[in-house]
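Open the model in your viewer and keep the selection panel at hand.

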Amino acid sequence: MASTGHFEIFLATAPGLEAVLYEEVRSLRFRAVKQVAGGVTVDGDWRDAWRANLEVRGANKILARIDRFRVFHLDELAKRARRVAWDEVLRSDIPFRVEATCRTSKIFHSGAAAQRIADAIRDTLRAPLADDAAVTIMARIENDVCTISVDTSGELLHKRGFKVAVNKAPMRETFAALFLRACGYSGAEPVVDPMCGSGTFVIEAAEIAAGLKPGRERVFAFEQLATFDRGAWDEMRRATTPTTPSIRFHGSDRDAGAIEMSRANAERAGVAHLTTFAQVAIGDLTPPDGLPGLVIVNPPYGARIGDRERLHALYRALGRTLRTRFSGWRVGLITNESALARATELPFKPPGPPVNNGGLRVTLYVTDGLA
Ligand SMILES: C[S@@+](CC[C@H](N)C(=O)[O-])C[C@H]1O[C@@H](n2cnc3c(N)ncnc32)[C@H](O)[C@@H]1O
């Protein structure tokens, strides 16, 4: 039973990042961690679902899979959906909504499937249905097996609840965290982002070093469920012991507005004392004093044909600065075109799979320490 026993928890990510998320989830000591298409699964109870939302930096969304059954017809779905233990999970006074997807199944009409499930919840629990409800039930019917999940996160998890200011092409915090991990960053070395935009990489890296949990301030959908215990959740959230690392995290950008944004975002995230932001064009960048660490950067992308020459020049300038001044530093570069990565003339290792970042396929290119 979902409310008392263990069930499967699914942590979603973008295809291509499953292996990195798997490493992160394993490091956080969850049970029975498995890498699957589109994410990672673990075994757990409701507290594990809360903890996943609180601690996992890389997941986009966390689903509690509360029931699973074979089903071939809509009538059968309507009947079986009434037997899901809704009263153990949902509250009769909190509005809910249902999303359904159907793949290679006899039931192929996702709207009708969602309707049958919504009717079952209304009839058994009398909970109100609302399009803008904070609680979403997700039904996935695949190969005639219906999996019923509750979205425990609500708003996508890259919304940590701190960032007010964003620029044109911000990196999602969840992706930033996974790209940092894929570059071997563990919180123990300085990080430089020379085209920092709204400061995502720098702030994320500082939070990791300081032991600040990504979900420490935001609200989650699981707070609206029958299984929620405010006292136990507050205790879990407060159990953090942040540290003050001696290393620092540096962002720069040629745009003054970006620097202002980054500072405001770092302030709100509580890492202003660990970060520095300066208005510097890439040609003028020098490394911070001290030991080398990681340069991570996602320069402007090639979106329009006319941008080609300007962008190649920018990537060449980035490569020149890093090759001539950043000896000993590793580089992680995220871009959407291999020709742009090559224009830097940096010694990248063979890249991993491309990842869909808000509709754009991007790839992470990584070097060892530069000569
Ligand atoms: C794709 S955005 C980076 C987004 C950032 N990672 C974030 O999460 O907000 C690229 C950034 O490169 C900056 N940029 C472009 N040309 C530059 C240059 N020559 N020197 C320094 N920064 C530059 C832009 O101002 C922009 O903020």
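Start with the cysteines. A search of the whole structure finds zero disulfides, a disulfide being a pair of cysteine sulfur atoms within 2.5 Å. Select Cys102: it is in no disulfide, and the nearest cysteine sulfur, that of Cys146, lies 8.4 Å away.

A note on what you are viewing: this is a predicted model, in which local features need pLDDT of at least 70, side-chain atom pairs count only at pLDDT 80 or more, and totals for chains, interfaces and linings use all residues. Residues are numbered from 1 along each chain as its sequence is written, and side-chain values use heavy atoms, leaving out hydrogens and water.

Next, select Cys183. Its sulfur is 17 Å from the closest cysteine sulfur, in Cys196, which is too far for a bond. Cys183 is buried, at 4% relative accessible area. Here buried means under 20% relative accessible area, exposed over 50%, and partly exposed in between (1.4 Å probe, protein chains only).

**Helix H6**

Now select residues 173-182, helix H6. Helices (H or I, at least four residues) and strands (E, at least two) are DSSP runs, numbered from the N terminus. How enclosed is H6 by the rest of the structure? Largely, because eight of its ten residues are buried. Those are Glu173, Thr174, Phe175, Ala176, Ala177, Leu178, Phe179 and Leu180.

Show the surroundings. The cover over the buried residues of H6 includes helices H1 (18-27) and H7 (200-210). It also includes strands E11 (294-297), E12 (330-335), E13 (355-357) and E14 (360-366). Contact means heavy atoms within 4.5 Å. After H6, stop at Gly184: its phi is positive, near 85 degrees.

**Aromatic rings**

Turn to the rings. Rings of Phe, Tyr and Trp (its six-membered ring) pair if their centres lie within 6.5 Å; planes under 30 degrees apart count as stacked, over 60 as edge-to-face and the rest as tilted. By this rule there are eleven aromatic pairs. Select Phe220 and Phe222, a stacked pair with 5.1 Å centre to centre and 10 degrees between the planes. Both are buried: Phe220 at 4% relative accessibility, Phe222 at 0%.

Trp233 is buried, at 0% relative accessible area. Colour the cluster as one: Trp50, Phe220, Phe222, Phe228 and Trp233.

**Helix H9**

Last, select residues 256-269, helix H9. Its 14 residues reach 20 Å from first C-alpha to last, close to the 20 Å expected at 1.5 Å a residue. That expected span is 1.5 Å times one less than the number of residues.

Which residues of H9 are buried? Ala258, Ile259, Met261, Ser262, Asn265, Ala266 and Ala269. Look down the axis: the buried residues fall within an arc of 160 degrees, so they line one face of H9. The arc is that of the directions from the helix axis to the C-beta atoms. They pack against H7, strand E9 (249-253) and strand E10 (275-279). On the other side of H9, Glu260 and Glu267 are exposed. Finish at Gly270, which follows H9 and has a positive phi, near 80 degrees.
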